[in-house]
Protein chains: 2
Amino acid sequence: MFTIAQAARRAGCPASTIRYYERVRLLPSARRGTNGYRYYEVADIERLAFVNRARQLGFSIDAVADLLRLADHPHSPCDGVDTLIATQLHSVEKRIRQLQTLAARLRQLQSACDGEHPIRECGILAALSDTRWNEA
Amino acid sequence: MFTIAQAARRAGCPASTIRYYERVRLLPSARRGTNGYRYYEVADIERLAFVNRARQLGFSIDAVADLLRLADHPHSPCDGVDTLIATQLHSVEKRIRQLQTLAARLRQLQSACDGEHPIRECGILAALSDTRWNEA
DNA sequence: CTTGACTTTGAAGTTACTTCAAGGTTGATC
DNA sequence: GATCAACCTTGAAGTAACTTCAAAGTCAAG
């Protein structure tokens with residue numbers, strides 16, 4: 001049995017995060033000692049690590065809850081899992097495209113100025129102030 | 001003079017956002033009519049539009065405040081502006097790299113399953129449950 | 001003069017946590 | 001046994017950038 005800090009170290013997240021996951025019911029209530037302390041065993045820590053890995057992949061808390069529910073039904077078909085992964089991948093890809101557009105615009109702005117003149121003549125602020133900016 | 005909804009339409013954001021910007025002091029308090037309504041003129045709307053464009057470029061509220069302060073001092077050198085843009089560009093590029101790593105992992109997970117078998121045999125959940133996942 | 005669309009405010013909801021304050025527990029040392 | 005650091009508990013508040021809500025006042029058209 002491990003205390004919350006030990007479980008946290010093993011799963012790779014702060015103890016406060018474990019308490020948070022318990023509070024929002026992503027994880028079941030931990031067993032308690034007579035002192036009120038939470039105690040975890042290996043299976044609990046594995047579940048927590050599963051959650052952390054899914055979170056690192058960008059899944060929302062709700063999506064992780066879905067994944068856990070699916071993982072708990074080993075006999076149902078796994079296309080639900082595939083769908084969740086695909087949805088997540090699509091949203092990540094979409095975000096990448098948005099950020100790439102953003103980066104391109106920032107680079108364009110950057111090229112409008114060499115930092116050597118007064119702000120009055122700065123091409124960057126001129127571009128940001130330009131009403132026609134949103135077009136194009 | 002425009003009411004808040006008219007200003008919002010022209011600047012391309014909800015009226016609630018304008019009130020929010022005023023509350024957090026990103027924009028100065030708007031002029032008020034005897035009825036208590038906020039009224040905006042063209043210059044106010046241009047400033048608001050500037051803010052919206054900068055926000056669309058991913059600048060934080062604080063960074064936008066910096067940009068506005070800089071823009072208000074037309075005689076100082078504009079290297080501060082350049083620095084802000086460069087910082088923002090770097091953080092966007094970093095985020096893109098992170099997301100690309102994420103997308104690659106998700107695609108890898110995806111290839112571990114064709115959605116045709118029970119969850120017990122699903123390569124995706126197996127991979128997510130694998131203690132060795134974090135290595136590699 | 002009624003109706004519907006607007007406006008006001010402060011407060012709470014959102015996401016996923018983190019941080020804090022105030023207090024109890026544990027284990028080692030003196 | 002006392003003390004001390006390092007742990008644990010809880011509920012509440014802070015974070016970012018808004019959005020949504022409720023309750024109430026205002027305005028313009030018909």
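A residue is near a molecule or strand if one of its heavy atoms lies within 4 Å of it. The model described here is predicted. By that criterion 18 residues lie around DNA strand D, and A:A5, A:R38, B:T17, B:Y37 and B:R55 come nearest. DNA strand C is likewise surrounded by 18 residues, of which A:T17, A:R55, B:A5, B:R19 and B:R38 are the closest.

**Surroundings of DNA strand D**

- Sugar and phosphate make up 80% of the atoms of DNA strand D that come within 4 Å of the protein.
- The side chain of A:R32 places an N or O atom 3.0 Å from a phosphate oxygen of DNA strand D.
- The side chain of A:R38 has a polar atom that lies 2.7 Å from a phosphate oxygen of DNA strand D.
- In B:I61 a backbone N or O atom is involved, and this atom lies 3.5 Å from a phosphate oxygen of DNA strand D.
- Both protein chains take part in this surface: α1 (4–11) of chain A and α2 (15–23) of chain B each supply at least two residues of the surface near DNA strand D.
- The largest share of this surface, four residues, is provided by α2(B).
- Divided by class, the residues of the surface near DNA strand D are eight nonpolar, six polar and four charged.

**Surroundings of DNA strand C**

- Among the atoms of DNA strand C within 4 Å of the protein, sugar or phosphate accounts for 79%, and the rest belong to bases.
- A:S16 has a polar side-chain atom 3.5 Å from a phosphate oxygen of DNA strand C.
- For A:Y21, an N or O atom of the side chain is 3.1 Å from a phosphate oxygen of DNA strand C.
- The partner of B:Y37 is a sugar or linking oxygen of DNA strand C, which lies 3.3 Å from a polar atom of the B:Y37 side chain.
- Two or more residues of the surface near DNA strand C come from each of α2 (15–23) of chain A and α1 (4–11) of chain B.
- α2(A) gives the most to this surface, with four residues.
- The classes represented near DNA strand C are eight nonpolar, six polar and four charged residues.

**Relation between the two protein chains**

- Two copies of a chain are related by a rotation about an axis and a shift along it.

**Packing of two helices in chain B**

- The axes of α1(B) and α2(B) come within 8 Å of each other and cross at roughly 100°.
- Angles of 65 to 115 degrees count as roughly perpendicular, so α1(B) is roughly perpendicular to α2(B).
- On the side of α1(B) the contact is made by B:I4, B:A7 and B:A8, and on the side of α2(B) by B:A15, B:I18 and B:R19.
- This contact of α1(B) with α2(B) comprises five nonpolar residues, no polar residues and one charged residue.

Conventions: Residues are numbered from 1 along each chain as its sequence is written. Chains are lettered from A and ligands numbered from 1 in the order in which they are written. This is a predicted model: local features need pLDDT of at least 70, side-chain atom pairs count only at pLDDT 80 or more; totals for chains, interfaces and linings use all residues. Side-chain values use heavy atoms; hydrogens and water are left out. A polar contact is a pair of N or O atoms within 3.5 Å; within protein, one must be able to donate a hydrogen and the other to accept it, and residues adjacent in sequence count only if both atoms are side-chain atoms. Ala, Val, Leu, Ile, Met, Phe, Trp, Tyr, Cys and Pro count as nonpolar, Asp, Glu, Lys and Arg as charged, and the others, Gly among them, as polar. Axes are lines fitted to C-alpha atoms, for helices over the stretch in contact, and angles run from 0 to 180 degrees between N-to-C directions. Angles under 35 degrees count as roughly parallel, over 145 as roughly antiparallel, 65 to 115 as roughly perpendicular and the rest as oblique. Contact means heavy atoms within 4.5 Å.
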